Amino acid sequence: MSKHNKLYPFSINILTNTLVLATSALISVTSFAQQASPCIGASLPLTGAAAFGGEAIAMGAEIAIAEINAKGGVLGKKLSLKAYDDAGQPPKGVDNVRRIALSDNCIAMLGGYHSGVQLAMRDTVAQVGIPYVGTTAGATAIIEQENGQNKWMFRVSAKDKWVAQFLVEQAVSRSKNKKVALLYENTGWGNGGKPDVEAAMKAKGLNLVALETFNWNDVDMTPQLLRVKNAGADSVIIWALDREGNQILRGMDKISYRPDNIVAAWGLAGNLGEIAGKLANGVLVFQTYIWTGKLDAKGEDVWKKLQAKYNLKTPQDIKFGSGIANSYDAVYILAQAIEKAGSFDRTKVRDAFYEINYDGLVAKYQPAFEKTQERHDAILPKYYKISAWHDGKLLPLSETPYK
Amino acid sequence: MSSIVQYFLSGISIGAIYSLIGLGFSIMWSASRAVNFAYGDVVMLGAVLTVIFVGYGIPLIISMPIAVFVCIVYGVLIERFAVAPFTKEVTGIGWMLSTIGIGIMLESFVTISFGSFAKPLVTPLIEKPIIILGAGIYPQELLIPIFAVTFLFCLELFYQKTLIGRAIKAVAYNQMAAGLMGINVKLMTAISFGIAAALGGGIGILIAPIVQASATMGLLLGLKGFAIAIIAGITNARGVVIMGLVYGIMEKFIEGFISSSAREAIGFSVIILLLFIFPQGIFGKKEMVKV
Amino acid sequence: MNQRFFNTYIFWLTICLFLAIILIPNIINNAYQLRVLMLLLIYAVVALGLNLVVGLAGLVSLGQAGLLAIGAYTAAILATRFGFEFIPSMLVAMFITGIFGVILAYPTLRVKGVYLAVITIAFGIVVENIAIEWSSVTGGTTGISSIPKIALFGHSLNDTAFYYLIGTIFLIAFIAHYNIKNSRFGRSMRAATQSEIAVRSIGINPITARTLAFTLAAIFTGVAGALYAYLNSYVNPDTFRFLDSLRYLLMVILGGSGTVLGPLIGASILTYIPELFQKFGVWQYFAYGALLTLVIFIMPLGIVGTIIFWYNKFQPKRVCNSKPWPTTEPLVDALINQNKDKNNASLSIEKMTVKFGGLIANNNITEDIKSGSIHAIIGPNGAGKSTFLNCISGLYKPTGGTIFFDEKNIVGLPMHSLAKMGIARTFQNTELFSQMTVLENVLVGFHTQYKTGLIATLMRLPSFIKEEKEFHELAKALLRYVGLDEYADEEARNLPFGHQRRLEIARALAISPKILMLDEPAAGLTHSEIEDLKRFIISLSDKNITIVLVEHHVEMIMALSNTVTVLDYGIVIASGAPSQVQENPAVIEAYFGSPGVTNE
């Protein structure tokens with residue numbers, strides 16, 4: 001029957017036709033415009049468990065943009081922030097890069113919170129060619145890339161390699177028996193920090209006596225902590241977020257083990273004091289910027305603006321202060337680079353990065369960046385700060401009774 | 001030796017959480033062969049509401065029952081509007097997706113209003129740990145398995161001795177026959193879901209001091225609790241409670257002797273394996289089909 | 001829907017899709033939008049595979065993200081560590097993911113519905129965690145990056161060429177999906193969902209159908225995974241979580257589970273929705289949950305499903321008439337005629353006992369069912385007739401005793417094996433494939449007799465087309481034989497009750513049975529329908545088919561049967577010629593409680 005022969009199209013004939021047609025159709029990709037728009041893109045966790053991080057980055061950026069625009073903007077144009085959600089998922093981050101660069105045609109973009117996402121973005125940022133300024137995610141490999149070819153990615157934030165050295169220094173210098181242990185979360189961030197800490201220890205001629213990991217939402221860390229206790233560590237480095245940090249402290253309490261020194265990466269800079277209570281007292285936490293305690297004039301000024309715009313009562317209300325400060329400085333550096341470049345041309349702006357000197361919240365950037373992979377990170381270790389939890393407040397170490 | 005005791009103690013604490021959540025699923029399933037797939041979010045709701053009320057200065061003693069009450073209302077509404085319309089379908093996709101969808105909405109709403117940060121619920125029971133044979137555990141943590149066994153006991157009494165309880169059991173055995181006997185099946189199902197929701201809210205309040213209240217606290221717990229209920233044989237309440245405790249202890253021993261990171265991979269593989277061997281659950285009953 | 005119309009529609013649809021895929025890059029000049037489109041097509045391939053599992057086989061899988069991960073990681077590892085080219089790495093990815101599809105199908109042996117869903121969820125979580133822990137192979141939480149661009153025939157593909165490659169693969173998947181759906185494989189999957197027991201009774205093992213569905217879905221997902229890895233040039237565990245599995249399921253449901261176009265529509269909407277929802281800022285996840293809930297409540301059939309539903313509703317109602325049966329149909333005669341000499345279709349039942357817990361339903365029954373005879377089983381309610389029938393047809397396994405058919409002890413053999421040996425049956429509660437058409441119901445019966453296999457079906461080889469045509473003709477002939485040819489395109493559940501019975505018998509005949517067992521075929525029939533039935537049974541017997549008849553209509557029994565066996569309380573109380581049995585006092589007592597008058 002003739003109608004049944006309609007089934008014939010689905011035979012291999014048409015399939016081979018399609019294949020031939022497809023592979024012989026080659027159209028060149030359109031090149032992107034030379035002049036970009038005065039928007040700053042950002043891929044941030046707007047939703048999900050890390051929403052507080054995305055929020056912080058957006059806050060810092062928006063305050064900075066408002067200040068810049070109030071003074072007339074950049075090259076006569078007003079800046080705007082285009083923040084897209086990546087919910088901590090690498091593919092979304094990768095898509096956001098393209099959206100920002102090709103669809104919105106922004107002049108540059110800010111990096112986000114999750115190291116895993118930024119790592120995924122590297123290839124795309126290089127492919128597309130857009131200046132990227134990280135604001136939080138600290139994994140060393142984001143900036144110091146394995147192929148040594150990083151041309152577009154910069155960072156105004158902590159570098160985990162340096163953070164590790166900083167924390168190791170803090171731990172070892174305080175340790176009496178030089179037995180140091182590391183507790184790290186089983187995520188991109190934690191797994192990235194681990195080799196950095198190991199390397200930093202090795203540089204001091206030491207080894208970690210215990211290396212334990214845990215998952216997000218874990219409730220009880222006693223098995224890991226028993227091993228740490230048995231290894232005899234008197235100093236512990238913690239690479240975790242507040243929630244797990246609290247479980248660690250309580251776990252220690254349960255097994256009657258309290259190391260003399262606990263130093264932590266900035267994951268414990270949120271509400272550890274609130275949830276762990278007295279157990280948090282004396283825990284030292286790394287930050288790039290501390291909003292509590294005495295602020296300098298610039299900090300005071302920005303704090304007032306934060307208070308007004310986001311309804312914050314005290315600096316304790318800030319969930320991730322380092323992120324706000326990093327992002328603020330990042331936007332200013334970017335704005336100055338655009339001014340210096342004289343046009344909204346991505347390559348020119350990128351080249352201008354190396355010529356920016358800027359007196360920021362976190363540091364005196366002199367210059368912000370240099371032409372080595374290592375120095376695509378703007379914040380040098382000398383500007384790293386140490387804070388301590390005391391009676392529910394996270395204060396600069398000097399303003400607490402701890403040493 | 002004290003390590004073993006530690007694994008065991010921590011294990012029954014976390015295991016009791018699984019037991020209770022599994023029990024909630026069991027109560028729902030027995031009533032209508034369908035559950036609120038996002039039951040973990042009911043747990044979250046109980047915890048979050050209590051923290052909010054306490055934050056407003058309402059004493060804990062009063063905050064708790066109010067939170068539980070809201071959970072009951074939430075649970076009954078879910079049953080009426082998101083589960084009941086779909087129970088006639090064979091695949092179960094209807095109520096699975098509807099309850100998941102509502103769970104997503106609740107979770108994101110809580111994230112936006114409550115914040116993504118975990119907030120504490122302070123009770124005197126987490127101030128100092130008790131030391132047993134060299135291992136430490138907070139009284140709050142010990143409270144959970146005690147509560148689990150007590151609740152199970154009360155639940156069984158309820159099913160056996162009260163009229164409503166027996167009516168619910170009848171609905172669980174044979175909905176149509178129960179209806180024909182004059183039992184208001186819809187009401188019994190709604191009550192069951194209400195009980196499960198009350199339990200869920202209670203679990204949230206119980207664990208909030210230990211786990212901290214956050215929008216995402218219920219997700220993995222809910223999944224695990226459901227899986228455990230199923231491998232135990234979801235209609236067998238005692239089996240579910242036992243299975244939860246066993247699973248919790250197993251998790252701790254895996255962490256103790258193998259590694260913490262392997263915990264989920266091994267744990268869920270065990271779940272799959274057990275379901276291969278016991279498709280109706282270990283303590284479950286095989287159902288015969290008549291033609 | 002009319003098959004012919006549907007075929008034409010599909011043909012033109014494919015042409016349109018083909019053209020759309022070729023033309024689209026010329027319309028959108030945006031490299032970003034092109035990428036979104038590529039992602040869409042990849043997701044559509046996943047959805048097409050999942051549609052086979054959910055839409056056709058009626059199973060819930062919430063673990064597709066795990067399969068996607070396996071495909072993506074395999075391709076990534078082969079490309080970065082072993083320097084595989086694209087095509088080999090994609091093929092290996094397909095193969096390995098396919099194996100996991102077979103593994104995932106195994107639980108469907110024993111569990112369905114929610115239980116299966118939990119297994120698939122657990123599977124997804126196990127895969128995710130292995131990806132995190134086995135860092136030496138998978139790169140752990142950091143993942144695998146710098147996956148090279150695809151190179152075909154020595155040329156590295158740029159974005160547009162890659163797009164065409166994905167488009168081609170999508171079209172192939174789309175066509176393959178249709179070819180499966182509209183074939184005996186698709187029909188048997190759908191039938192297995194609607195009545196597992198009926199499908200066994202015509203020789204199909206539902207597990208095979210489900211395994212096929214899962215394996216095909218896994219292969220589709222494996223390809224999608226490989227493409228995904230190359231597209232992102234990066235894989236890590238965060239991409240393959242439970243929420244992603246949920247999204248793929250939602251694509252299938254939103255588009256229209258079981259439809260041809262549904263997966264593509266669902267994938268399109270759920271790929272563009274996040275783009276749209278970005279403007280909701282922090283509320284976008286909430287909006288997503290709302291969308292999910294809304295879809296389930298308002299459009300459970302999905303977009304395409306709802307359209308089809310309303311389209312069918314507005315079709316003019318055709319009045320169908322049934323014809324007298326049986327009619328003369330040479331094709332059917334050829335099909336069902338059993339050769340008297342070659343055929344030994346007798347059943348020897350020896351000391352068969354069936355216990356349900358403490359209850360003994362059949363107690364030490366010994367009986368012979370002679371080849372070519374009409375053998376009736378009667379008895380009061382609860383005598384064990386249905387149990388008896390269920391045992392000799394393979395539905396139950398007797399607790400003790402033997403049953404010999406064709407010199408083989410068939411005790412313990414599953415029903416579908418017995419069907420293949422030539423034992424067919426109908427059911428007390430008609431077990432039709434209620435949502436399939438009358439014609440399809442019969443067609444499913446021919447499943448085991450097809451010679452063309454999966455490859456021929458997928459590629460629509462001439463041998464397949466020829467066989468489909470032949471069996472379609474045969475099915476129509478069978479429908480004419482039972483007088484139901486006008487109902488061919490009606491859904492089985494819309495048939496009047498008596499016609500449903502006829503259809504069930506027609507389907508049973510499709511397997512060319514040596515023995516046909518009828519379980520209370522006259523129940524619920526009108527007087528004239530019963531007369532038709534009697535004539536029908538006699539005509540079947542004339543073709544040397546052995547008939548086993550469980551019935552209550554004693555008058556019909558006495559008129560038709562060669563032998564009557566009477567059961568009471570699980571034992572045989574009489575067996576022999578109808579006239580003998582009728583006079584037997586034990587029989588009379590069993591029915592009436594005391595020696596008395598015979599019935600009408």
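A residue counts as buried if 20 or more other C-beta atoms lie within 10 Å of its own, exposed if 12 or fewer, and partly exposed in between, with C-beta atoms placed from the backbone. This is a predicted model, where local features need pLDDT of at least 70 and side-chain atom pairs count only at pLDDT 80 or more, while totals for chains, interfaces and linings use all residues. Residues are numbered from 1 along each chain as its sequence is written, and chains are lettered from A, ligands numbered from 1, in the order in which they are written.

Let's start with G358(C). G358(C) is exposed because it has 5 other C-beta atoms within 10 Å. You'll find G358(C) in the loop between β5 and β6 of chain C; strands here are DSSP E runs of at least two residues and helices are H or I runs of at least four, numbered from the N terminus.

Those strands belong to an open antiparallel sheet, ordered β6-β5-β8-β9 in chain C. Two strands pair if DSSP finds at least two bridges between them. At the edges sit β6 and β9 of chain C, each pairing on one side only. Inside the sheet, 5 bridges join β5 of chain C to β8 of chain C, and E350(C) has T402(C) in β8(C) as its bridge partner.

| Strand | Residues |
|---|---|
| β5 (chain C) | residues 347-356 |
| β6 (chain C) | residues 359-369 |
| β8 (chain C) | residues 400-405 |
| β9 (chain C) | residues 408-409 |

Now for chain A, which has 13 helices and 14 strands. Of its 403 residues, 61% count as buried. The C-alpha atoms of chain A fill a box of roughly 85 × 60 × 40 Å along the principal axes.
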